[in-house]
Amino acid sequence: MSKDVQAFLDEKVAKSLAFLKEDLNTVRAGRANPSLLDKVMVEYYGTPTPLKNLANISVPDPRTLMIAPFDSKSIPEVEKAINLANLGINPSNDGKVVRLVIPQVTEERRKELTKLVKKMAEDAKVAIRNLRRDANEELKKQEKAGELTEDDLKKELDQVQKKIDKGIKDVDDIAVAKEKEIMEV
């Protein structure tokens, strides 16, 4: 396979999968997971700062996240940021740490979350299919420019399709694992 196209495809498919995993981490499955707070930004001395850079985040039990800010004066800002992040969890603090008790997820909410996961997975598949189109166009340009023969083009297009099929299978595997996590009671 043309090295440029192969490297492009490998890199972009890996990025699409990483983006999907990152997005799925923000879907609350009813179990405490520190990655739930990955996108929470705290206004710290006038600068939006990721919460994970300002505090230790631990999981003392399966339903609780404990946030211990390095600077205890930042607790009100941490609480405010969590509320603004619209996670559906009310923070409570004792002056030293902020606790988030993850509520039990209802059956109806689980079904909504699985639909959300399916939509995120479908978006990732569309992105990967778009990569196939880009790679195929590049290969056809190379053939027109005389850099590839017709037989080489056919082999290259087959390799692109195999990479895309593997990427889509990986998306499906990731989505199924997340749906299973959500549906666990």
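Tutor: The buried residues of α5 are L153, E156, V160, I164, G167, I168, V171, I174, A175, K178, E179 and I182. Buried means under 20% relative accessible area, exposed over 50%, and partly exposed in between, with a 1.4 Å probe and protein chains only. Helices are DSSP runs of H or I with at least four residues, strands are runs of E with at least two, and both are numbered from the N terminus.

This is a predicted model: local features need pLDDT of at least 70, side-chain atom pairs count only at pLDDT 80 or more, and totals for chains, interfaces and linings use all residues. Residues are numbered from 1 along each chain as its sequence is written, and side-chain values use heavy atoms, without hydrogens and water.

Helix α5 covers residues 150–183. It has 34 residues and reaches 49 Å from its first C-alpha to its last, close to the 50 Å expected at 1.5 Å a residue. The expected span is 1.5 Å times one less than the number of residues.

Its packing partner is α4. The two helices pack at an angle of about 170 degrees, with their axes 9 Å apart. Axes are lines fitted to C-alpha atoms, for helices over the stretch in contact, and angles run from 0 to 180 degrees between N-to-C directions. The angle makes α4 roughly antiparallel to α5. Angles under 35 degrees count as roughly parallel, over 145 as roughly antiparallel, 65 to 115 as roughly perpendicular, and the rest as oblique.

The contact residues of α4 with α5 divide into 17 nonpolar, four polar and 13 charged. Ala, Val, Leu, Ile, Met, Phe, Trp, Tyr, Cys and Pro count as nonpolar; Asp, Glu, Lys and Arg count as charged; the others, Gly among them, are polar.

Now α4 itself. This helix spans residues 107–144. Its 38 residues reach 56 Å from first C-alpha to last, close to the 56 Å expected. G146 follows α4, with a positive phi near 85 degrees.

Elsewhere, an open sheet has four strands in the order β3-β4-β6-β5, with antiparallel pairing. Two strands pair if DSSP finds at least two bridges between them. β3 and β5 (91–93) stand at the edges with a single partner strand each, so one side of each lacks a neighbour in the sheet. The twist averages 25 degrees from one strand to the next. β3 and β4 form a hairpin with two residues between them. Within the sheet, β4 and β6 pair over four bridges, and M66 stands opposite R99 in β6.
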